[in-house]
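Take a walk through this structure, one part at a time. Keep the 3D view open as you read.

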Amino acid sequence: MANTNIKQHKTTAVKQATTQVPVKQKTIYNLLAKVAFFSCVVIGILFYTDAKGYFNPDYTNDHTRRKWNAYYEFTKKHPVDVVMVGNSHLYTGINPENLSTALGANCFILASPGTTQTDAYFCLKEAIAVCKPKMAIVETFAINDYDSHQLKAGTLSDQFKSFSARKNIIQKLTSTPLLFTSDNYLPAWSNTIRNHSFIFNDTEQIKKNIALIKHKKPEKQGLYLGRYARFNSGIEDTTLIKYDRPGFVAYDYNKHPASEEARKYLQKTIELCRENNVELVFLTLPMYYRHVHNYNSFKEDLANELKSHNKNWLDLQQPYDTAAFSPECFENTVAENQHMTYYGSLVAAYKLAHFVRANFAGKLPDRSNDIKWKQLFYASDGYFQNHSVEKDGVNKILLKNAIAKDNLEIKEVDFIKQQGGNLLLVKIGNQNGKTFLGGKLKIAVEAVVGGNTMIVPVEVMLTHAYMPINHMLFTSQPLMPGVEITSVKDISF
Amino acid sequence: MLFNSFDFAVFLPIVFLLYWFVFNRNIKIRNIFLLIVSYVFYGFWDWRFLSLIIISSVMDYFLALAISNTPDINTRKRKFLLIASLVLNLGFLGFFKYYNFFVGSFIDTFALFGKEFNYSPLNIILPVGISFYTFQSLSYTLDVYFKKMNPTTKIINFLTFVSFFPQLVAGPIERATKLLPQFDYLKVFDYHSARSGLLLITFGLFKKIMIADRIAVFVNQTYGSIADAKGISLLIAVLFFAFQLYLDFSAYSDIAIGAARIFGFKLSTNFRRPYLAYSFSNFWKRWHISLSSWFQDYIYIPLGGNRIGARRTIINVIMVFFLSGLWHGASWNFVIWGTINGLFLIVFDRIFRLEKSNGGSKRIFASLFVFASWSLSLVFFRAENFSDAILVFQNIGFSGFDKLYNFGLNAVELKFAMYLIGGIMAYELIAEKYGEKLLEQFYKTKPIVRWSLYFVLVLSIIYLGSYGSANDNSFIYFQF
C-alpha cells in the first residue's frame, strides 16, 4: 500500500515537472527597472505637491520673492539701469524710488535678508542675465564672516528664500553646490522637503495654500523697485543712553572679518561686472556711529581687496556725516544688526545719487525727459522733489523760474497733494554754494481755508532727507487738511 | 558620510552600478574598487584619519602573517607579535579616545589627596568609527593567534574587510572568520537578496528619520533643561531615549546589513528585538550582538567565564560590563552605565532568577522590568555628566503635564511619536512570533500589497519624517 502511494506521488511529481514552465530568474535589470519606476512615482508626487504649492511658506511676507517677481515683470517692459545687491541693510537703507527719481534712471534693489556675498554674487549674475544694467551697486555689509556651507538655521533659511525666489534654472543648478551643503540641495529646490514639518506645526499655512490654489488671483504689481521700509522711528533717547555703558560694544567689526569665501566672491563680482561691461560701485551704508567698533580694520581690509576699485567705493560709515546721519536715521536698537529707518534710507539714497552723478557722469542715461519713464515714476515717492509737476489736475505749480529777494533763484514752488498731509515744495537753484542761515525760508501764500481766502505764512525747511541733484529743496511740514494754496506772495530768508 | 544623507543617496547607487556593471569580472579588481569606495566613504568625514585605518589594518595584516608563520614552540615570539598588534590598535584607540579621560581622571584622583597639577586637555578629534574598526581588526589577529583561522595572504581582501563601508563606522563588528572569506569569490547578483537589502535600508531609514530623530528632539530639549522638565516630561524623555537609542542604532545596523546585501555580502544580525527580552542575559543576546559576542569571546571566556566559580564569574561579568561601558565613551558616566548593567545581570538574573521567566504573564512582567531597568540605566548614558544624571533621578515624576509640550514636540507630534513607537513594538511582537517566516510571507503577498508598503514607507519618510537643517540627524553610535 505504502509503495503504491510513493509510486503515485512520484508520477505526479514527474508530470508536474514536465508540464511546469521553467521560472525565469529575475536579474539586476528587473530590479533597476522597478527601482526606476518607483523613484519616478515618488519624484512625481513630490513634484506635484511642489507645483501645487501645498508647502509654500507665507509668501505674503516674502519680500525677496516679491523683488524677483517684480524684477522679471519690470524688465519685460523697461530697461534697468542700476541693480543693487546686498542684504537687509541695503533694502532698508536705500530708497530706490528716490534714487531713481534723483538720477532719472531705473534703479532696482535685489537684496535679500541675511545674505552672503556669495548669494549676492549669484543674484547679480542672474540680474545681469535677465537685463544687463549699466551699473551694479554692491552693499558691503554682506562681505562678512559668513561661510555659505556653515550657515546657522536663521541665515540658512534666508539663503533658501533668496535661492527659491530666483528663477533662472541653469544658474540655480550651477550655484546650488556653492551656496549649500549637499544635505540642503533638496530643501533648496523643494518647498515640500523644506517645509514638510508644516504637517505638524503649521497646518494653517497648508490650509491657506490650498485656499490660494482654489482662488488664485493675479498678482497686482504697481511700481515696486525692491524697497522695504521696515523702520519708521529712529533711535530714542532711552536707547542712546545704552551706548554710554562702560565697555558696551554693539557691533564689533573685528568679530566679523571677511571670510575667504566672501573675498573670493567679491573678486568674482568684480570680474563679473568687468566681463559684462557693467560699472561697479561699492556702497557701505552706515550704522549709528556709536554702534560700530573697529570699523577701521574692516575698512583697511576691504580697501586692500578692492584695490583699483577703491575710487568706486562710497563709504557712508567713515567719514561719518554726523549732521545727516542723526539718530533719526537708525532703527531703535543696540542689537548687533542695526538697520536704517525710512528717513535714513532717503538720506543715504541722495548721498548715493550725488556720488554716482559726480563719479559716473554720462555713464547712466538720463531718462527724466522720456515719456515712458515719466509715466512710470510720476507721483512716486521722490518724483515731485526732483522733477517738475505736470498738469495733472491734482498738484499745482504755484511759481516757476522767478527771482525773489536777494537774487534768490526760484526754480519752482509746488503744491503737492498727498496722503498724510499736503506739502509745499520750494525748489531753488543751487545758488553757487550760498548758505541759508538756519536752512529755512519763509513764504507768504494765498490760501483758501474753510471757504475764506487769506494770506498765510508758511515755513519751509531744507532737509537732509531730500537732496536733489539739480536744485535745493525746501519742504513744508504736512499742511492742515482742507487748506488749498492758490499762489505765492512772497519768499524770504 | 551618513547613511541618512544626500551624499549617501548619490554614493550608493553609483557604487552599486559600477560594482555590478563595471567591476564584475575580476575579484581582485572588484575588491580594489570596494576598498577605494570604502576609503572615499570614510574620507567624506575627514581624509586625514584614513591613515589610521590604513596603518592599523596593514600592520595587523603583517602581524597576523608573522604569528601564523612562527612555530608553536616559539611562544614568546607569537605572544610578542600579538602584543604588538594589541598595543598598536589599543594605542590608537587609547590616545584618540581615552587620553584626556585618563589623564584628567589621574589628576582628579591626585587632587583628592591635595596634590594639584596644571593640565589643559589636548584638543584631540575622535576619529569616527575607531572603536568599531579597531575591534574588528583586533579580532582578526586574536583569531589567528588562537588558531581559529588561517591568515589571509591577500592584503587587499584584508584591507577591504576592515574598511568595508557599510559597517565601517558603526558596525556590526564582523569577525574575520565570517566576513573575510566573502571577499574571496566573485559574487553573482541575487535579485531576492538585493530586494531584501533595499527593504532593510528603507526600513532602517524609516526607523531613524520617522521615529528616532523625532523623539530625539524631545529628549535633547528635556536633557538640555532638566530642571524645567521636572516630572512627567523627564520620565517620558527617559523612556524615549531608550527607544531613540534602539531605533537609531538598529536603523544603522539595518541600513548597513541592507547595503552589504545589495552587493552580495552577508553581515551579522546586530539586534534581535531586545525590548522583548525577559531577562538581562537574554537582553544582551539581543542587543548590539556583535559587540556583546566580541566581549564574550575575547574577554569573558579567556578570563574564565563562568567555569571557575561563582565569585570569579561575578568579577568577570562586572569586568566585561565595565569595559563595555568604557568602550562606549571616555567618561565615568559610561563606566557607571556599563557597571550597572553588569550588576543587573548578576542581581536579577543570577540571584532572583529572572532568566526563568520565559513564558506567560511572567514574561510580560519580566520584559517590562528589564526594559524599565535598562531605560533608567541609560540616564547615565545620555546625561552630560554625573551630576546631570543625578538631577534627572531627582526630578523625574508624574507631575507637570502642563509643560509636556514645551520640549520641541507639540501635542500632535508627541502623540504621533508615541503611536509610531507602539507600531514598531507591535511589529516586533509579531516578528518575535513568526521570525523569518514573516518576511517570507510578505514576499509572497500580491505585488500591490508590497508596493503599497514600499510607497507608504518612502512617502511617509519624505512627508512626515523629522529632518531638516534645524535637526541634528547624525547617528548616536557615530560618537563611539
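Helix H1 (6–22), helix H3 (50–69) and helix H6 (155–163) of chain B are among the elements that cover the buried residues of H2(B). This is a predicted model. Which residues of H2(B) are buried? They are Arg30(B), Asn31(B), Leu34(B), Leu35(B), Val37(B), Ser38(B), Phe41(B) and Tyr42(B). Helix H2 of chain B covers residues 27–43, which is 17 residues. At 1.5 Å a residue, the helix should span 24 Å.

The domain assignment gives domain 1 (6–188) and domain 2 (198–278 + 357–479). Their C-alpha centres lie 29 Å apart. Where the two domains of chain B touch, 14 residues of domain 1 are in contact with 16 residues of domain 2. H1(B) supplies the largest share of the domain 1 side, with 3 residues. By class, that side of domain 1 of chain B has 8 nonpolar, 3 polar and 3 charged residues.

Now look at a pair of helices in chain B. Helix H9 (residues 232–262) packs against helix H14 (residues 360–382) of chain B at an angle of about 85°. The axes of the two helices are 8 Å apart. How is H9(B) placed relative to H14(B)? The angle makes H9(B) roughly perpendicular to H14(B), because angles of 65 to 115 degrees count as such. From H9(B), the contact takes Val238(B), Leu239(B), Phe241(B), Ala242(B) and Leu245(B). They meet Phe371(B), Trp374(B), Ser375(B), Leu376(B), Leu378(B), Val379(B) and Arg382(B) in H14(B). The residues of this contact between H9(B) and H14(B) divide into 10 nonpolar, 1 polar and 1 charged.

Next, cross to chain A. How many residues of chain A are in contact with chain B? There are 23 residues of chain A, and they are in contact with 20 residues of chain B. On the chain A side, helix H2 (28–52), helix H7 (153–165), helix H9 (185–189) and helix H11 (198–201) each supply at least two residues. H2(A) gives the most to that side, with 7 residues. Sorted by class, the side of chain A that touches chain B has 14 nonpolar, 7 polar and 2 charged residues.

Chain A has its own domains. Its domain assignment gives domain 1 (57–359) and domain 2 (392–492). The centres of these two domains of chain A, taken over C-alpha atoms, are 36 Å apart. Their contact takes 10 residues from domain 1 of chain A and 6 residues from domain 2 of chain A. Helix H16 (residues 342–359) of chain A gives the most to the domain 1 side, with 7 residues. That side of domain 1 of chain A has 8 nonpolar, 1 polar and 1 charged residues.

Finish with a single residue. Tyr71(A) is found in helix H3 (residues 63–77) of chain A. Is Tyr71(A) buried or exposed? Tyr71(A) has 26 C-beta neighbours inside 10 Å, so Tyr71(A) counts as buried. The cut-off for buried is 20 or more. Leaving aside neighbours within four places in sequence, Tyr71(A) is in contact with Phe108(A), Leu110(A), Ala127(A) and Val130(A).

Note on methods: Residues are numbered from 1 along each chain as its sequence is written. Chains are lettered from A and ligands numbered from 1 in the order in which they are written. This is a predicted model: local features need pLDDT of at least 70, side-chain atom pairs count only at pLDDT 80 or more; totals for chains, interfaces and linings use all residues. Helices (H or I, at least four residues) and strands (E, at least two) are DSSP runs, numbered from the N terminus. A residue is buried if 20 or more other C-beta atoms lie within 10 Å of its own, exposed if 12 or fewer, and partly exposed in between; C-beta atoms are placed from the backbone. Two residues are in contact if their C-beta atoms, placed from the backbone, lie within 7 Å. The expected span of a helix is 1.5 Å times one less than its number of residues. Ala, Val, Leu, Ile, Met, Phe, Trp, Tyr, Cys and Pro count as nonpolar, Asp, Glu, Lys and Arg as charged, and the others, Gly among them, as polar. Axes are lines fitted to C-alpha atoms, for helices over the stretch in contact, and angles run from 0 to 180 degrees between N-to-C directions. Angles under 35 degrees count as roughly parallel, over 145 as roughly antiparallel, 65 to 115 as roughly perpendicular and the rest as oblique. Domain bounds come from an automatic or database domain assignment.
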